[in-house]
Amino acid sequence: MTVADSALEITFGYVQENPKISAIEIIRLAAAGPTPKLRATPAQVDFGDVAVGKTSAASIVTLENAGTADLEISSLSLSGAQPAAFGLTSATLPIVLAPGATSDVSMTLTPDAEGPLAATLDICLDRPGQSRASAAFRCRRHRADSLS
């Protein structure tokens, strides 16, 4: 059995006449050697009520390498319904995290109209096959004069 480019190839050989196969189970084997593993905490941030035109206090998302090999974060971006309302500040990219190391990403929100907001922090890594992570952000927008 071989796996290449997301394709799985299974080769059966002749073992005996009239073999009986009742099931095939495909399992993912652990990678050989050290591997990086990205963890983002918290996985969701709720900014709560933020007045239109005002900037929220910063919320921090901590990126951690929970694996056993160095991890390189090549880009951070915002996506989702209203990414432009959220601000993002991080260490200079690329960010290289040794096993057990962390780096903080600071997020702010400046709503421009009333209603709910949502965005996702997308964390891209430099090597295919490394784990990916994301963190969700949301808030309830209000008129500038509705909050004291």
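Reply: Let us begin with the term strand: a strand is a DSSP run of E with at least two residues, and strands are numbered from the N terminus. The model shown here is predicted. In this numbering, Ser103 is found in strand 9.

Me: How many helices and strands does the secondary structure of the protein chain come to?

Reply: The protein chain has zero helices and 11 strands. Read from the N terminus on, its elements run β-β-β-β-β-β-β-β-β-β-β.

Me: Why is Ser103 called buried?

Reply: The limit for buried is under 20% relative accessible area. Ser103 has 10% relative accessibility, so Ser103 counts as buried. Not counting residues up to four places away in sequence, Ser103 touches Val61, Thr62, Leu63, Ala91, Ile95 and Leu97. In the protein chain of 148 residues, buried residues make up 28%.

Me: What makes Ala58 count as partly exposed?

Reply: Partly exposed lies between buried, under 20%, and exposed, over 50%. The relative accessibility of Ala58 is 47%, and therefore Ala58 counts as partly exposed. Ala58 lies in the loop between strand 4 and strand 5. Leaving aside neighbours within four places in sequence, Ala58 is in contact with Ser106, Met107 and Thr108.

Me: Why does Asn65 count as buried, and which backbone nitrogen does its side chain reach at 3.2 Å?

Reply: Asn65 is at 0% relative accessibility, which is under 20%, so Asn65 counts as buried. This residue is found in strand 5. Its side chain reaches the backbone nitrogen of Lys37 at 3.2 Å. A polar atom of the Asn65 side chain also lies 2.8 Å from the backbone nitrogen of Gly67.

Me: What makes strand 3 and strand 5 a pair?

Reply: Two strands pair if DSSP finds at least two bridges between them. Strand 3 and strand 5 have four bridges, so they are a pair, and the sense is antiparallel. Within this pairing, Thr41 stands opposite Thr62 in strand 5.

Me: In what order do the four strands of the open sheet stand, and which are the edge strands?

Reply: The order is 3-5-9-7, with antiparallel pairing. Strand 3 and strand 7 (86-89) are the edge strands, since each pairs on one side only. From one strand to the next, the twist averages 25°.

Me: Which residues touch the most other members of the largest nonpolar core?

Reply: They are Leu63, Ile73, Leu76, Phe86 and Ile123, in a core of 22 residues. Several strands supply at least two residues each, among them strand 4 (44-51), strand 6 (71-79) and strand 8 (95-97). Strand 10 gives the most to this core, with five residues. In soluble globular proteins, nonpolar side chains tend to be buried together.

Me: With which residues is Leu76 in contact, leaving aside its neighbours within four places in sequence?

Reply: Leu76 is in contact with Leu63, Leu88, Ser90, Leu93, Ile95, Val105, Leu121, Asp122 and Ile123. A contact needs heavy atoms within 4.5 Å.

Me: Why does Val105 count as buried?

Reply: Val105 is at 0% relative accessibility, which is under the 20% limit, and therefore Val105 counts as buried. Val105 is found in strand 9. Beyond four places in sequence, its contacts include Ile60, Val61, Leu63, Leu76, Leu88 and Leu121. Val105 and Leu121 are 16 residues apart along the chain, and their C-alpha atoms are separated by 9.6 Å.

Me: Which contacts in the protein chain join residues at least 24 apart?

Reply: Among contacts between residues at least 6 apart in sequence, 69% join residues at least 24 apart.

Me: Where are cis peptide bonds found, and what is omega there?

Reply: Pro42 is found in the loop between strand 3 and strand 4. Another joins Leu93 and Pro94, with omega about 0°. Pro94 lies in the loop between strand 7 and strand 8. Most peptide bonds are trans.

Definitions and conventions: Residues numbered from 1 in each chain as written. Predicted model: local features only at pLDDT ≥ 70, side-chain atom pairs only at ≥ 80, totals over all residues. Heavy atoms only, no water. Core = buried A, V, L, I, M, F, W, Y, C linked by side-chain atoms within 4.5 Å. Buried < 20%, exposed > 50% of the residue type's maximum accessible area, 1.4 Å probe, protein only. Axes fitted to C-alpha atoms, helices over the stretch in contact; angles between N-to-C directions. Polar contact = N/O pair within 3.5 Å; in protein donor to acceptor, adjacent residues only side chain to side chain.
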